[in-house]
Amino acid sequence: ACGLSDLSHIEGLQEKSQCALEEYCRTQYPNQPTRFGKLLLRLPSLRTVSSTVIEQLFFVRLVGKTPIETLIRDMLLSGSTFNWPYMGSM
């Protein structure tokens, strides 16, 4: 996203999210040991979906018309003190 420059921080967040997904798959779907790998293999094809479509599908009810780039930037810049200022505009 525009304005993000701390590559190591972003890589750390990616690593944490992948570890969380792996843990979730292992605990919630113990009878599907290949589920996590299959999900990772889907990631490249998800990149072909435009950010506008993803925003409409997942975020419009949560953050209204706020661009996802703005939301992610604000979350990263604020660290753990994020207070969701967009919720009032719905």
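A search of the whole structure, a predicted model, finds one aromatic pair. The partners are Tyr 24 and Tyr 29, with ring centres 6.1 Å apart. Their planes meet at 70 degrees, so the pair is edge-to-face; the cut-off for that class is over 60 degrees. Tyr 24 has a relative accessibility of 42% and is therefore partly exposed. Tyr 29 is also partly exposed, at 27%. The ring of Tyr 29 has a further contact. The charged end of Arg 35 sits over this ring, 3.7 Å from the ring centre.

Cysteines were examined next. The count of disulfides is zero. Cys 19 is partly exposed, with a relative accessible area of 38%. Cys 25 has a relative accessible area of 4%, which means that Cys 25 is buried, since the limit for buried is under 20%.

Open space was then considered. The largest pocket has a volume of about 1,700 Å³. Its lining is made up of 34 residues. Closest to the pocket centre are Gln 14, Ser 17, Leu 43, Phe 59 and Ile 72. The most comes from α1, which gives 10 residues. By residue class, the lining of the largest pocket divides into 23 nonpolar, six polar and five charged residues.

How values were computed: Residues numbered from 1 in each chain as written. Predicted model: local features only at pLDDT ≥ 70, side-chain atom pairs only at ≥ 80, totals over all residues. Heavy atoms only, no water. Phe/Tyr/Trp six-rings, centres within 6.5 Å; stacked < 30°, edge-to-face > 60°. Buried < 20%, exposed > 50% of the residue type's maximum accessible area, 1.4 Å probe, protein only. Lys NZ or Arg CZ within 6 Å of the ring centre and 35° of its normal. Disulfide = S-S within 2.5 Å. 1 Å grid on protein atoms, 1.4 Å probe; cavity = no way out; pocket = protein on both sides within 12 Å on 5 of 7 lines; lining within 4 Å. Points joined across faces, edges and corners; volume = space filled by probe spheres on them. Helix = DSSP H or I, 4+ residues; strand = E, 2+ residues; numbered from the N terminus. Nonpolar A, V, L, I, M, F, W, Y, C, P; charged D, E, K, R; others polar.
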